[in-house]
Amino acid sequence: MYSFFRRYPEALHWIFASAPLLLVLLICFFSFGSENELISFCRMHSAAHPDLKNFAGLVTNWGNAVFYPVYLYFLISGIRQKKKSRIKFALVFLIVQLVVSLLLVRITKIAIGKPRPYEGGLFEPMTHKGAYHSMPSGHTSEIYGASMPLVFRYRAFLLTAALGIFAALVALSRIYLTRHYPSDVFCGWIMGSFAGFSIHLLTKED
């Protein structure tokens, strides 16, 4: 195991960055009888704590936007300094995020047709109704698709921890605001991790 992580340090950082979200999801799994019970708890808790709900709203609305200037910096600095690796990193990020976090996530949402919390009804596969686009969580996919490439690029545990906690806050805000079930967020994490690994592999320097 040690030799594996030594050979592939990205795997260790992926686990470390994913741990905050996965640990909370695991705790929720053992603490509540079902996803609906957790959603009911979040709804009551957020109604009783408006300040926390407002904070969650701020995180969910602006969390992903934090990374836009970061990748714009890579692009602009790469052009100014004539560093092709930075330009490539920014452009590949943009392309992969568009393909995975926008196109693939969108197609999956439509194909599955899972109702969002409190929307009721059965699954409606191949629907364009937003109320039935619960799985996967697009916010979660995007945040991990944006944070993981930085985790893999720098492989600094302090940065990995910070990005992991921040990404988890964005993902969990979707549950707390009752816009997604935990399974939706978990699915979004998988797709975001795939995007992150793809960006890293396509821009990795030998």
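## Charges over rings

R153 lies over the face of F89, 4.4 Å from the ring centre. R43 is placed over the face of Y118, at 3.9 Å from the ring centre. A charge sits over a ring if NZ of Lys or CZ of Arg is within 6 Å of the ring centre and within 35 degrees of the ring normal.

The model is predicted: local features need pLDDT of at least 70, side-chain atom pairs count only at pLDDT 80 or more, and totals for chains, interfaces and linings use all residues. Residues are numbered from 1 along each chain as its sequence is written, and side-chain values use heavy atoms, with hydrogens and water left out.

## Aromatic pairs

The whole structure holds 13 aromatic pairs. Rings of Phe, Tyr and Trp (its six-membered ring) pair if their centres lie within 6.5 Å; planes under 30 degrees apart count as stacked, over 60 as edge-to-face and the rest as tilted. The pair of W14 and W189 is stacked, because the ring centres are 5.7 Å apart and the planes are at 10 degrees. W14 belongs to helix α2 (residues 9-31) and W189 to helix α9 (residues 182-203), so this pair ties together parts 175 residues apart in sequence. Helices here are DSSP runs (H or I, at least four residues), numbered from the N terminus.

W189 is buried at a relative accessible area of 8%, while W14 is partly exposed at 25%. Buried means under 20% relative accessible area, exposed over 50%, and partly exposed in between (1.4 Å probe, protein chains only). W189 also forms a tilted pair with F186, 5.3 Å centre to centre and with 40 degrees between the planes. Both residues lie in helix α9, 3 residues apart, which is about one turn of the helix. F186 is partly exposed, with a relative accessible area of 38%. Ring pairs link W14, F152, F186, W189 and F197 into a cluster.

## Helices α3 and α4

The axes of helix α3 (residues 35-48) and helix α4 (residues 50-62) come within 5 Å and cross at roughly 110 degrees. Axes are lines fitted to C-alpha atoms, for helices over the stretch in contact, and angles run from 0 to 180 degrees between N-to-C directions. That makes α3 roughly perpendicular to α4, a term for angles of 65 to 115 degrees. H45, S46, A47 and A48 of α3 meet P50, L52 and K53 of α4 in this contact, where contact means heavy atoms within 4.5 Å.

## R86 and G78

R86 is found in helix α6 (residues 84-112) and is buried, with a relative accessible area of 18%. Leaving aside neighbours within four places in sequence, R86 is in contact with Y73, F74, S77, G78, Q81 and R153.

G78 lies in helix α5 (residues 67-81) and is buried, at a relative accessible area of 0%. Not counting residues up to four places away in sequence, G78 touches Y73, K83, R86 and I87. From G78 to A90 there are 12 residues in sequence and 8.9 Å in space, C-alpha to C-alpha.

## The loop between α6 and α7

Most residues other than glycine have a negative phi, and most peptide bonds are trans. Y118 is found in the loop between α6 and α7, and its phi is positive, near 70 degrees. Y118 is partly exposed, at 43% relative accessible area. M126 is found in the loop between α6 and α7, has a positive phi near 60 degrees, and is exposed at 61% relative accessibility. P136 lies in the loop between α6 and α7 (138-154). M135 and P136 are joined by a cis peptide bond, with omega about -5 degrees.

Methods: Helices (H or I, at least four residues) and strands (E, at least two) are DSSP runs, numbered from the N terminus. Angles under 35 degrees count as roughly parallel, over 145 as roughly antiparallel, 65 to 115 as roughly perpendicular and the rest as oblique.
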